[in-house]
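Student: I have a model open on my screen and would like to learn how to read it. Could you take me through it step by step?

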Amino acid sequence: MAKRQAATAAVEVDKASFSYKNIKAIDELTLQVPRGISFGLLGPNGAGKTTLIRMLVGLLKPKSGSIRILGQTPSRQTAHLIGYMPQLPSLYTELSVIQNVNFFARVYQMNDKRQRAKRVEEVIRLVDLWQRRQDSVMKLSGGMKQRVSLACAIVHQPPLLFLDEPTVGLDPELRFTFWEHFADLTHQGTTLIVSSHTMDDAAHCDRLIFMRGGGVIAQGTPNELRKATGKADANLEDAFLYYIHREDKSV
Ligand SMILES: Nc1ncnc2c1ncn2[C@@H]1O[C@H](COP(=O)(O)OP(=O)(O)OP(=O)(O)O)[C@@H](O)[C@H]1O
Ligand SMILES: [Mg+2]
């Protein structure tokens, strides 16, 4: 049983589709993400990244096809296995930083008060907001709110983390710190699914997909995607444009 468990992928999506009324946001998308890696979702506005993440965390149900996370169908029962940082922070802005993080820790049933307090302090220090812990969230800058949101998503140390554009609005030093922490998490066995628009984030991922129109137009390691352009000095932005143009030509 344990062996079987270890063999299942972190995420398995099989021909999943989702529409908001008449807008097809995800179109027969198939995807496998192995455990313990950082996996990037790249694509233009409206490509379907947020919709895909919302399906993976169980907030939206696919209209057709199937989705499994850590071998299970996303549901209320899998919620404790997941950390989710939404694209727009969903924090209680009138509460302080520490109250917000503590609230999420309690929601995730970290019931031992001393252990919870220790972990809450640890994650607030990690996002470098310990000095501001008593401030209400509404008094923080946009990037600081982003950092509180990350602290809330990781406080219960879930094996699977979904981060929807986690580095937007972060200064370069913090972006670097975030990625250092993400690397620590994957080394410890956590699987990270990260959406982004920046090729800097993409370069940090172990594997990536380029999305467009609710589907996957390319996937691979950053190096594989760069090499596919046939140009030795291509960066990931060049690779993305290469796949977009290739797709346009084939239509
Ligand atoms: N709540 C909603 N109601 C109706 N349509 C929606 C809703 N949310 C998203 N859509 C549509 O679904 C498609 C995919 O949107 P989604 O938010 O998943 O894209 P995204 O890749 O996350 O984009 P961005 O980079 O701008 O965050 C878009 O056409 C969008 O207009
Ligand atoms: Mg989005």
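Predicted model: local features only at pLDDT ≥ 70, side-chain atom pairs only at ≥ 80, totals over all residues.

Student: Let's begin with strands. What order do the strands take in the open sheet of three?

Tutor: The general idea is that strands of a sheet pair through backbone hydrogen bonds, either parallel or antiparallel. Here the open sheet has the order 2-1-4, and the pairing is antiparallel. Strand 2 (23–33) and strand 4 (64–69) are the edge strands, each pairing on one side only. On average, neighbouring strands of this sheet are turned by 25° against each other, ignoring direction.

Student: And what packs on that sheet?

Tutor: Helix 2 (residues 49–56) does, touching strand 1, strand 2 and strand 4. The direction of helix 2 makes about 60° with that of strand 2.

Student: How many bridges does strand 1 make with strand 2, and how many with strand 4?

Tutor: Seven bridges join strand 1 to strand 2, in the antiparallel sense. In that pair, F18 stands opposite I26 of strand 2. Between strand 1 (residues 11–20) and strand 4 there are five bridges, also antiparallel.

Student: What should I look at in the hairpin of strand 1 and strand 2?

Tutor: Look at the link, which has two residues between the strands. K21 in this hairpin takes a positive phi near 45°.

Student: Now strand 3. Which of its residues lie on each side?

Tutor: In a regular strand the side chains alternate between the two faces of the sheet. For strand 3 (residues 38–42), five of its five residues are buried. S38, G40 and L42 lie on one side, F39 and L41 on the other, and both faces are covered.

Student: Which way do strand 7 and strand 8 run relative to strand 3, parallel or antiparallel?

Tutor: Strand 7 (residues 191–196) pairs with strand 3 in the parallel sense over five bridges, and F39 has I193 as its bridge partner there. Strand 8 (residues 207–212) is also parallel to strand 3, with four bridges; in strand 8, L208 is the bridge partner of G40.

Student: How do I describe helix 3 against helix 4?

Tutor: Two packed helices are described by the angle between their axes and the distance between the axes. The axes of helix 3 (residues 97–107) and helix 4 (residues 113–126) come within 10 Å and cross at roughly 125°. Because of that angle, helix 3 counts as oblique to helix 4. The crossing is right-handed. At the contact, V97, I98, V101, N102 and A105 of helix 3 meet R116, R119, V120, V123 and I124 of helix 4.

Student: Last one: which residues touch the most other members of the largest nonpolar core?

Tutor: In soluble globular proteins, nonpolar side chains tend to be buried together. The largest nonpolar core here has 64 residues, and L56, V101, A151, V155, F162 and I193 touch the most other members. Helix 5 (residues 142–154) supplies the largest share of this core, seven residues.

Conventions. Residues numbered from 1 in each chain as written. Chains lettered and ligands numbered in written order. Core = buried A, V, L, I, M, F, W, Y, C linked by C-beta atoms within 7 Å. Buried ≥ 20, exposed ≤ 12 C-beta atoms within 10 Å, placed from the backbone. Pairing = 2+ DSSP bridges. Axes fitted to C-alpha atoms, helices over the stretch in contact; angles between N-to-C directions. Contact = placed C-beta atoms within 7 Å. Parallel < 35°, antiparallel > 145°, perpendicular 65-115°, else oblique. Left-handed = near helix turned anticlockwise from the far one by under 90°.
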